[in-house]
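Here's a quick tour of one model, with an eye on how its side chains pack and pair up. Have a look at it first.

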Amino acid sequence: GKKGRYPAPCGQLVRLYHPAVLFTRTMRQGDGTEFFAAPSGQSWQGQPAGSFGDLQPMVAESNYSQVSGQLSSSSASGGDAPVPLPRVPRNISATLLGEGEPDEPPILEELGINFQHIYAKTLSVLWPRRSKLDQAAINDSDFAGPMIFCLVLGVLLLFNGKVQFGYIYGVFTTGLVSLWAVFNLMSSKGIDIYRTASVIGYSLLPIVILAALSIPLDLRGAAGAVLIPIAILWCSNAAALFFVVVLEADDRRWLLAYPVMLFYTCFALITIF
């Protein structure tokens with residue numbers, strides 16, 4: 001009868017490639033530490049196929065400090081000492097502010113959102129003076145502020161029962177393309193459409209204030225006759241000042257202000273009606 005479980009060649013292959021043998025060989029570490037060893041006085045190659053005996057687990061040191069000491073001593077005797085890696089915060093605020101990876105820019109910077117420029121442009125619209133204009137803020141084609149102002153305008157009109165989001169974005173897009181074409185025809189320097197959108201969007205702030213005043217006040221009466229022209233002139237003056245600086249057209253300021261005034265008049269009508 002057959003004495004073994006497998007023929008001789010198969011038995012040798014099984015002994016060499018049995019999962020227990022491979023597992024034991026795999027668990028051998030480079031420093032000589034073995035997590036599992038063969039029973040004393042025996043070897044895996046001497047065991048018949050299918051009978052490997054009981055695995056004897058050896059005591060493995062799991063203390064982190066001792067392992068660290070061994071690594072430090074081996075590094076000091078041979079190679080360079082390991083350099084501890086800095087702790088990298090993993091949260092949303094760290095990513096937004098650029099406190100993540102050392103070579104990773106803030107996500108707001110990648111999106112082109114600069115709160116300092118938003119603040120500077122907002123102040124320039126509230127108090128339009130050429131001496132107070134920041135050239136870096138003027139050259140920035142930031143569109144975060146205009147999006148916020150358009151959204152706030154639509155929300156404020158909701159308090160009066162007016163759902164005007166489609167009209168706001170439709171008039172803004174149509175007016176943007178029209179003003180961009182007119183300004184490039186009027187000036188040889190020209191202006192890109194992104195900067196045009198940024199300027200007319202930020203200059204929409206007085207209309208947003210007018211929409212806020214329309215909640216407690218009735219702008220179809222005497223209050224509207226006073227506040228609406230002030231808001232339109234305020235927007236037109238601020239936007240025209242920006243365009244004059246960008247296009248270097250000081251002698252055509254009022255000519256630039258006329259189409260801008262028509263643009264903001266449309267928004268005033270949306271706010272009233």
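What follows covers the nonpolar core and then the salt bridges of this predicted model.

## The nonpolar core

Let's start inside. The largest nonpolar core has 49 residues, and the members touching the most others are Leu153, Phe183, Ile200, Ile207, Phe243, Tyr264 and Phe267. Seen by element, two or more residues each come from H6 (115-126), H8 (144-158), H9 (165-186), H10 (193-202), H11 (205-213), H12 (222-247) and H13 (253-272). The top contributor is H12, which puts in 13 residues.

Phe267 is worth a click. Leaving out residues up to four places away in sequence, Phe267 is in contact with Leu153, Ile168, Val171, Phe172, Leu204 and Ile207. As background, nonpolar side chains in soluble globular proteins tend to be buried together.

## The salt bridges

How many salt bridges are there? The count comes to 3.

Lys189 pairs with Glu248, with 3.2 Å between the closest N and O atoms. This one ties together distant parts of the chain: Lys189 sits in the loop between H9 and H10, while Glu248 sits in the loop between H12 and H13, 59 residues apart. Glu248 is exposed, at 55% relative accessible area.

## Two more pairs

Asp192 and Arg195 form another salt bridge, their closest N and O atoms being 3.9 Å apart. Asp192 is partly exposed, at 30% relative accessibility.

Then there's Arg252 with Asp251, whose side chains meet at 3.5 Å, N to O.

Technical notes: Residues are numbered from 1 along each chain as its sequence is written. This is a predicted model: local features need pLDDT of at least 70, side-chain atom pairs count only at pLDDT 80 or more; totals for chains, interfaces and linings use all residues. Side-chain values use heavy atoms; hydrogens and water are left out. A nonpolar core is a set of buried Ala, Val, Leu, Ile, Met, Phe, Trp, Tyr and Cys residues joined through side-chain atoms within 4.5 Å. Buried means under 20% relative accessible area, exposed over 50%, partly exposed in between (1.4 Å probe, protein chains only). Helices (H or I, at least four residues) and strands (E, at least two) are DSSP runs, numbered from the N terminus. Contact means heavy atoms within 4.5 Å. A salt bridge is a side-chain nitrogen of Lys or Arg within 4 Å of a carboxyl oxygen of Asp or Glu.
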